[in-house]
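Let us walk through this structure step by step. Keep the sequence and the 3D view side by side.

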Amino acid sequence: HRDIASEEADFQLTADQLFADYDSDEKSANEKYLDKVVEVSGTVEEVTENDKGETTAIMTAEDAMMGGLSLTFKEKQELKSGEKITAKCRCTGMLMDVVLVDCNLK
């Protein structure tokens, strides 16, 4: 497993920018971001816990019909809806949201 927290971010951008790149051209965005470390800033919309007990969050994106980015954190996080955060994560592509894993808060 990679230690994303200790890696230098390949890209620093907003949730809106990352989502817009995927929304406009998913193939090109995958070539650029897939398996890369991204440092993304935005607003938390929703916080849940997955079946492994990991904190997951949806970060809003301007052009998304709902959601935008799906973040899964390595450590349990105390996040609140409406909170502005910056997280460093590994990008794994897009399903309905842009999927970011191994996230760490900055």
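How many disulfides does a search of the whole structure find? The search finds one. Bear in mind that this is a predicted model.

A disulfide is a covalent bond between the sulfur atoms of two cysteines. Here the partners are Cys89 and Cys103, with their sulfur atoms 2.2 Å apart. The torsion about their S-S bond is about 115°, so the disulfide is right-handed. The pair links distant parts of the chain. Cys89 sits in strand 5 and Cys103 in strand 6, 14 residues apart. Both Cys89 and Cys103 are buried.

Cys91 takes part in no disulfide. The nearest cysteine sulfur belongs to Cys89, and it is 9.1 Å away. Is Cys91 buried or exposed? Its relative accessibility is 0%, so Cys91 counts as buried.

Now turn to helix 1. Its buried residues are Ala15, Leu18, Phe19 and Tyr22. Seen down the helix axis, these residues fall within an arc of 95°, so they line one face of helix 1. An α-helix has 3.6 residues a turn, so residues three or four places apart point the same way.

Helix 1 (15-24) and strand 2 (37-49) each supply at least two residues of the lining. By class, the lining has six nonpolar, one polar and five charged residues.

Conventions
Residues are numbered from 1 along each chain as its sequence is written. This is a predicted model: local features need pLDDT of at least 70, side-chain atom pairs count only at pLDDT 80 or more; totals for chains, interfaces and linings use all residues. Side-chain values use heavy atoms; hydrogens and water are left out. Helices (H or I, at least four residues) and strands (E, at least two) are DSSP runs, numbered from the N terminus. Ala, Val, Leu, Ile, Met, Phe, Trp, Tyr, Cys and Pro count as nonpolar, Asp, Glu, Lys and Arg as charged, and the others, Gly among them, as polar. Buried means under 20% relative accessible area, exposed over 50%, partly exposed in between (1.4 Å probe, protein chains only). The arc is that of the directions from the helix axis to the C-beta atoms. A disulfide is a pair of cysteine sulfur atoms within 2.5 Å.
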